[in-house]
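Me: I would like to learn how to read a protein model step by step, beginning with the whole chain and ending with single residues. Could you take me through one?

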Amino acid sequence: MITKEAVEAAPAPRPPTRGHRGRPRSTAPGTRSPLADLPAARVYLVFTLVPFYWILLFSLRPAGSTSLVPWPMTFEHFEKVWTERSFGTYFGNSVLVGLATLVMTTIVALAGGYALARFDFRIKRAFMLALLCSQFVPGALLLVPLFEIFAELRLINSLGSVILAETVFQLPLSMILISNFIKNVPYSLEEAAWVDGCGRLRAFRVIVLPLLRPGLIAVGSFAFVHSWNHFLFALMFLNNQSKQTIPVGLNSLMSADSVDLGALAAGGIIAAVPVVIVFAFIQKWLITGFSAGAVKG
């Protein structure tokens with residue numbers, strides 16, 4: 001029983017604290033103010049942007065300068081690596097390898113991912129396990145068998161060898177991702193198309209494929225960026241300088257005796273800018289695609 005004395009002795013309730021412009025401030029437990037993350041965000045920006053600024057500084061300031069500001073600005077390093085160091089050829093080869101790997105990986109992974117998502121077969125779980133385990137195998141272990149295979153096929157010193165190697169290396173993860181994207185598409189949509197007279201292939205092309213656009217962009221961009229940055233396959237399978245790609249070209253700028261920092265920085269900018277531009281345009285689809293693929297259907 002609550003007595004009058006107990007009610008009078010109880011502390012009066014505190015009024016809610018008010019923030020900016022008199023609005024009540026939330027005091028719920030577990031809430032975190034966005035301002036608390038500002039110091040961590042600043043530290044992250046420093047560690048992320050300072051290396052980019054340093055590369056840009058070396059690529060734009062004259063040789064021998066020690067200024068921390070790229071002024072007077074010069075493009076002599078870019079002209080040197082593009083013409084004298086054959087970076088124009090390396091750039092074209094990298095674009096060809098990246099686009100071909102993107103197309104081949106997407107097409108094969110789309111077919112395999114659809115089979116994994118829509119069909120049940122006896123060794124399906126074992127096959128999925130093998131795809132997952134293949135991601136633990138480093139690319140260096142594949143060099144000897146791939147080199148022997150390409151030598152028998154007379155593909156050594158050909159861009160086709162790098163394209164095939166990159167495609168094989170990217171397929172397991174791409175198939176797993178696309179199968180998850182397809183599982184998120186209701187199977188009833190395909191069944192409704194079959195009832196209306198569509199075959200399986202046409203139903204897939206008309207109904208499923210348009211819904212997979214974020215996933216296809218995510219998988220394709222992942223394959224392109226990996227093949228663009230990959231160094232090992234191009235170094236081992238390509239002997240002719242006219243067939244080299246940008247990562248191997250960057251390695252050629254460094255020697256045992258000296259390193260041309262200005263040329264190396266300019267080459268790094270040339271290698272990074274296309275990837276940054278691509279991701280700037282597709283970031284919305286990329287985030288949507290990876291988010292969709294992370295949800296189990």
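Me: What should I know about the model before I begin?

Reply: This is a predicted model, in which local features need pLDDT of at least 70 and side-chain atom pairs count only at pLDDT 80 or more, while totals for chains, interfaces and linings use all residues. Residues are numbered from 1 along each chain as its sequence is written, and side-chain values use heavy atoms, with hydrogens and water left out.

Me: How many helices and strands are there in the protein chain?

Reply: Helices (H or I, at least four residues) and strands (E, at least two) are DSSP runs, numbered from the N terminus. In this protein chain there are 13 helices and zero strands, so that reading from the N terminus gives α-α-α-α-α-α-α-α-α-α-α-α-α.

Me: What share of the residues in the protein chain is buried?

Reply: A residue is called buried under 20% relative accessible area, exposed over 50%, and partly exposed in between, with a 1.4 Å probe and protein chains only. Here buried residues account for 33% of the 297 residues. Accessible areas come from the Shrake-Rupley method with a 1.4 Å probe, and for residues only the protein chains shown count as cover. The protein chain has an accessible surface of about 18800 Å², and 68% of that surface belongs to carbon and sulfur atoms.

Me: How many residues of helix α10 are buried, and what length does the helix reach?

Reply: The expected span of a helix is 1.5 Å times one less than its number of residues. Helix α10, residues 213–229, has 17 residues and reaches 24 Å from its first C-alpha to its last, close to the 24 Å expected. This helix is mostly covered, with 12 of its 17 residues buried, among them Pro214, Leu216, Phe224 and Trp228.

Me: Which residues line the largest cavity?

Reply: On a 1 Å grid over the protein atoms alone, a cavity is a set of points where a 1.4 Å probe fits but cannot get out, whereas a pocket is an open set with protein on both sides within 12 Å along at least five of seven lines; lining residues have an atom within 4 Å of a point. Grid points are joined across faces, edges and corners, and a volume is the space filled by probe spheres set on the points. The search of the whole structure finds one cavity of 30 Å³ or more, and the largest cavity holds about 40 Å³ of space. Its lining is made of Val97, Val162, Glu166, Ser227, His230, Phe233, Ala234 and Thr245, and the elements giving two or more residues to that lining are α7 (159–183) and α11 (232–237).

Me: And which element gives the largest share of the lining of the largest pocket?

Reply: The largest pocket has a volume of about 220 Å³, and the largest share of its lining, five residues, comes from α7.

Me: Why does threonine 245 count as buried?

Reply: Threonine 245 counts as buried because its relative accessible area is 5%. Threonine 245 sits in the loop between α11 and α12 (246–252) and, not counting residues up to four places away in sequence, touches Tyr90, Asn93, Ser94, Val97 and Ala234.

Me: Is arginine 154 buried or exposed?

Reply: Arginine 154 is exposed because its relative accessible area is 77%. Arginine 154 is found in the loop between α6 (143–152) and α7, and its phi is near 60°, a positive value in a residue other than glycine.

Note on methods: Contact means heavy atoms within 4.5 Å.
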